[in-house]
Amino acid sequence: MTQGGHEAHPDLSLAWRERNGRDALRATGWTETELAELKGPDGGALNRRLALLTSEALQGGGEPACSPDTVRGPGRLLRSPPGSSLPLVAGRFEVEAGAVWFMPRFPFVAGMGYALLVYPSSAGDNASAGGARQSPRAWTIQRPAVDATPVARVVAIYPDVDEVPVNLLKFYVHFSEPMSEGRAQRAVSVCRDDTGEPIDGVFVPMDPELWDGARQRLTLLLDPARIKHGLVPNMEVGYPLMEGVPFRLQLGPEFRDARGRPLAAGAERRYAVGPEVRERVDPARWSLTAPAAGTLHALRVEFDRPLDHALLQRCLGIRDPEGAPVAGKGTTGPNEKSWQFEPESAWAEGRHRLRVERQLEDLAGNSPLRIFDRDMTEPDDGPDPSDLLALDFTCAAG
């Protein structure tokens, strides 16, 4: 640590330890004065003066979240070449029991190297005041390796359609195993299917990445600023995709599973690009096939367009004639253009209701509430959709 302009502490020691039932990184070797400075009266010194990155990310060049980079060895001074920001390891620093601890948001990756950056105390002061940030020192540590035999695979890519609208909002990638984060920017690419030419700037950078709770589904969000009419990026460069120009979404083996192993193989999916879709989701356009009372036959719902695969899993529900939820399983049909619901118990006789959550979207992000790709310079003049969010159907006796 730096005090009064002196160099950062040369004697830090990093070790993997369990804390509160979780793997954590412990840094020891600080003086009591240094620990007191890090804790600070405002509680912000830890985040201003410490950063954790993967060694791999640092070797890629750039600046880690406004911090200098390029590891030169344990405890040695780092220099700050220009470059794009690099993602920090998600988590939090804490001071306790004479040590600084880093608690990761997601488990550390086996076999991965990590670098702790420590900035001089004056660096944090200058940065907070808008001045130039001084170079930090770095200490590195390696996670123990495990069996590196690849087992994780890409099992599905959504939308599951042949053609997407030019104002497509997102992709979903499903993996067979829990995955580690921080690799999508390097592992995901888009290119023209006719020429192989790369298409740059398709996705909005995500830090952290958009994983589900099990870390087996990754959401890739196309740049909304290039999709929404009236925003500068849309007016200057247009949609990320090009109507009439087919493309390939490519997923490289740079992904790592939660144990640090690479994908068993890359994956890709081809799409054609059709016209923009700029209208609200309207359940009144759907077609329902009601089952007979006393049966376990499925309720079938046909949509007027493909809908968002992930949102379909939670935005539709059934109520019985008494208004109580009907227990059962809903599944999405081919091309996300249909949905069926199989009840756990036989259908009761009478009128039922299909309830639609307002968050449900189509492939372009349009919902029953609003058009996603609306002109941001104009008011949202859509109707009140409250009368469009439920559809009734009758289960009649056979």
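This briefing covers the sheets, the cavity, the aromatic pairs and the backbone features of the structure above. The model is predicted. A search of the whole structure finds one cavity of 30 Å³ or more, and the structure holds 15 aromatic pairs.

- Six bridges link strand 7 to strand 8 (residues 99–104), and the two strands pair in the antiparallel sense.
- Opposite Val95 stands Val100, a residue of strand 8.
- Asn20 is located in the loop between strand 1 and strand 2 (22–28).
- Although Asn20 is not a glycine, this residue has a positive phi of about 55°.
- For comparison, most residues other than glycine have a negative phi.

- Strand 13 (residues 170–175) is joined to strand 16 (residues 217–221) over five bridges, in the antiparallel sense.
- Phe171 has Leu220 of strand 16 standing opposite.

**Aromatic pairs**

- A pair of aromatic rings is described by the distance of the centres and the angle of the planes.
- Of the 15 aromatic pairs in the structure, one is formed by Phe171 and Phe247, whose ring centres lie 6.2 Å apart with their planes at 75°, so the pair is edge-to-face.
- Because Phe171 belongs to strand 13 and Phe247 to strand 17 (residues 247–251), this pair ties together parts that are 76 residues apart in sequence.

**The cavity and the cis peptide bond**

- Rolling a probe the size of a water molecule over the atoms shows where empty space is left.
- The largest cavity holds about 70 Å³ of space.
- This cavity is lined by 14 residues, of which Pro159, Lys170, Tyr172, Asp308 and Leu363 are the closest to its centre.
- By type, the lining of the largest cavity comprises seven nonpolar, two polar and five charged residues.
- Domain 2 (154–274) and domain 3 (283–395) each contribute at least three residues to the lining of the largest cavity.
- Pro159, one of the lining residues closest to the centre, is placed in the loop between strand 11 and strand 12 (163–165).
- The peptide bond from Tyr158 to Pro159 is cis, with omega near 10°.
- In general, most peptide bonds are trans.

- Strand 22 (residues 328–332) and strand 23 (residues 338–343) run antiparallel and are joined by five bridges.
- Thr332 has Trp339 in strand 23 as its bridge partner.

How values were computed
Residues numbered from 1 in each chain as written. Predicted model: local features only at pLDDT ≥ 70, side-chain atom pairs only at ≥ 80, totals over all residues. Heavy atoms only, no water. Pairing = 2+ DSSP bridges. Helix = DSSP H or I, 4+ residues; strand = E, 2+ residues; numbered from the N terminus. 1 Å grid on protein atoms, 1.4 Å probe; cavity = no way out; pocket = protein on both sides within 12 Å on 5 of 7 lines; lining within 4 Å. Points joined across faces, edges and corners; volume = space filled by probe spheres on them. Nonpolar A, V, L, I, M, F, W, Y, C, P; charged D, E, K, R; others polar. Domains from an automatic or database assignment. Phe/Tyr/Trp six-rings, centres within 6.5 Å; stacked < 30°, edge-to-face > 60°.
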